Amino acid sequence: MPHVEIRPSGKSITVPAGTNLLEACHRAGVGISASCGGKGLCGKCRVRIIEGSVPEHAGYEHPLSRAEIEAGWRLACLVKVGCDLVIDTNGSEPVRNIIITDFHGVEATADGAVKAVPLELPHPDLEDQTCDMGRIMNGLGMDEYPRASLPLMQILPSLIRDNDYRITAVMYGDEILGIEPYRENPRVLGMAYDIGTTTIAGALFDLSSGELLAVASRTNPQALHGDDVVSRIDHAGKGKAEREEMQALVVGALDEILSEACVAVGAAAGEVYYFTAGGNTTMHHMLLGLDPTNIARTPFIPAVRRGLLVRATHVGLGAGHGARLYALPNISAYVGGDIV
């Protein structure tokens, strides 16, 4: 497979033949703007070919002068990597790194919807052969089994025994979202995301007290396919693979933000059990993997407008088995949950 060396960053990557050069740069961690969504129109992704052979762009020369073309400059979005390349990105416009260090919102009181319950369960013996789930049910004072995801049920026996029957059950109503080691004063973590077209920001909260613990942010990596939502809708509308790609890009950024915020407070991503996400209607659809195509077509109809509560792992977030994600409701095709 062809190898691409990117200067002056010094980063490199090996990619399958035929890979788009702009995509290769992004995969290598070198952010380059492509406002036009990779159509060869804006000229912001210009790179100079130092070593290797790349033909001229037939019919797309207008963002580059003849002198630039003869000097080896090309538009990365129009180059398919066919051989080993060494390129210089100094002439291209880098994607900005957005750093947000504070977070302001309306004052609110924690509602306790997600809570951590410390449990000291009796050990089983020949006189007490209550099953593990029944033991938790009794400890919680419930009349029926609490609900739990199958992946959590599969590891439940080891979680209980590894902690010598002293556990903390993280509850959301009558559902167990997770099992942690016993803590007398446990905290419950939640993450709030604002998914903007340009910037994605996340704030980590203690759901028991409502205290803001950490903030992190990233540039939205979907900018690879255009600065505006219509360009991104065009790309996602090409097919299932492109829709999944757009979802993976935003979820990857959310996971990076989650990891950074958790490291700041000495927590693990698996200890965050509730997520909320707001954004414009296009960002909402792409996060959930919904088809956004009709948002850009008259009469401009989104797939859904109401708020949706799903398992965080179902969209690919690196959270615990039972963690929930609430995607804020939208008003219309172009008025989303960020305004709500």
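Helices here are DSSP runs of H or I with at least four residues, strands are runs of E with at least two, and both are numbered from the N terminus. With that convention, Asp-164 sits in the loop between H4 and E8, and I will come back to that residue.

First, the conditions. This is a predicted model, in which local features need pLDDT of at least 70, side-chain atom pairs count only at pLDDT 80 or more, and totals for chains, interfaces and linings use all residues. Residues are numbered from 1 along each chain as its sequence is written, and side-chain values use heavy atoms, with hydrogens and water left out.

Now the chain as a whole. It has 7 helices and 15 strands, and its C-alpha trace spans about 85 × 45 × 35 Å along the principal axes. Of the 340 residues, 45% count as buried; buried means under 20% relative accessible area, exposed means over 50%, and partly exposed is in between, with a 1.4 Å probe and protein chains only. Of the contacts (heavy atoms within 4.5 Å) with a separation of 6 or more, 62% are between residues 24 or more positions apart.

Which residues of H4 are buried? They are Leu-152, Leu-156 and Ile-160. An α-helix has 3.6 residues a turn, so residues three or four places apart point the same way. The cover over the buried residues of H4 includes helix H3 (132-140) and strands E7 (147-148), E8 (166-172) and E9 (175-181).

At 44% relative accessibility, Asp-164 is partly exposed.

Phe-300 also has a positive phi, about 65°, and is not a glycine either. Phe-300 lies in the loop between H7 and E14 and is partly exposed, with a relative accessible area of 40%.

That loop, between helix H7 (281-288) and strand E14 (308-311), also holds Pro-299. A cis peptide bond joins Thr-298 to Pro-299, with omega about 10°. Another cis bond joins Arg-7 and Pro-8, with omega about 5°; Pro-8 is in the loop between strands E1 (3-7) and E2 (11-14).
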